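User: Please go through the ring contacts and the helix packing in this model, with the cut-offs used.

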Amino acid sequence: MSAAAEASNAAVAESLLAFWADAGVDAMLLDEAVDRIEAGKVMPPPRPAAPLAPVAPLAGLRALAGQMDISGAVAQAQALAAAAPDLEALVAAIAGFEGCPLRFEGAATKAVVYRGDPKAPLLVIGEGPGADEDARGEPFVGRAGKLLDRMLGAAGLTDRVLITNTVFWRPPGNRTPTPAEQAICAPFLERIIQLVQPKMLLLAGGASAKSILKREEGILSLRGRWFEWRSADGSVELPAMPTLHPAFLLRQPGAKKRAWTDLLTLTERLDRPDRPL
Ligand code: URA
């Protein structure tokens, strides 16, 4: 091909990519999802020779992840999480962790771990970072995050929350994180809960609620109800309330009333813990 033809092809390709970017296309996906753990393209790191910390039973995690063996990645996440004395160290540990395939798939930048008050009484757990979060390195900073902030502000919770997700890297094309990806990230999330010591959890959306509570029902049935979350070692128990995801509320504004009711119920319990439910 002549140099002129090559330059012309490159210009056409650039123009097409710019057109797609303007139209909001920010990821290239195949028709079928590629399971990179299964395909062996991304290998979870080997299980450490001597466990650095007590390892929780993995049977449930294996069931969650089907036949896929994620135990090495989970054990490594558990060891790293247990060794982190504070949030700063935990963020560094997550940033260095290579056991979650998402790190090599959707994420353009660094791990997205948390924003908010490290001693907040309320922990909000979303599903996973999107494009805006990936670009900024902070959870819930896009349109859904702005709606979440407005709702938290209206409930008087602005300075009383820490916001995080079930996974710390953006799933490609903003797909829902898989149970395996969530299980691999779970030890880090659990360590966040241990370090922050919130009084309760707000679970934003079905992917968060199902993963954290190990429930199968849809979010429309789970939302607005109180559940008891228990850490893997049983040492921490917290009330947890699932609610509708703010991204869903942007698509279905008519559902905002239900999410608002959930938030008021939660705020009431936060402010008056002794009142009967
Ligand atoms: N949606 C989520 O679940 N989490 C984010 O951080 C952003 C959007």
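User: Are Phe-168 and Trp-169 buried or exposed?

Analyst: This is a predicted model, in which local features need pLDDT of at least 70, side-chain atom pairs count only at pLDDT 80 or more, and totals for chains, interfaces and linings use all residues. Residues are numbered from 1 along each chain as its sequence is written, and side-chain values use heavy atoms, with hydrogens and water left out. Buried means under 20% relative accessible area, exposed over 50% and partly exposed in between (1.4 Å probe, protein chains only). By that rule, both Phe-168 and Trp-169 are buried.

User: Why does the pair of Phe-168 and Phe-188 tie together parts of the chain that are apart in sequence, and how many residues apart are they?

Analyst: Rings of Phe, Tyr and Trp (its six-membered ring) pair if their centres lie within 6.5 Å; planes under 30 degrees apart count as stacked, over 60 as edge-to-face and the rest as tilted. Phe-168 and Phe-188 are edge-to-face, at 6.5 Å centre to centre and 75 degrees between the planes. Phe-168 is in the loop between β3 (161-165) and α7, whereas Phe-188 is in helix α7, so the parts tied together are apart in sequence by 20 residues.

User: How are α4 and α7 oriented to each other?

Analyst: Helices (H or I, at least four residues) and strands (E, at least two) are DSSP runs, numbered from the N terminus. Axes are lines fitted to C-alpha atoms, for helices over the stretch in contact, and angles run from 0 to 180 degrees between N-to-C directions. The angle between α4 (residues 87-96) and α7 (residues 179-196) is about 170 degrees, with axes 10 Å apart. Angles under 35 degrees count as roughly parallel, over 145 as roughly antiparallel, 65 to 115 as roughly perpendicular and the rest as oblique, and α4 and α7 are therefore roughly antiparallel.
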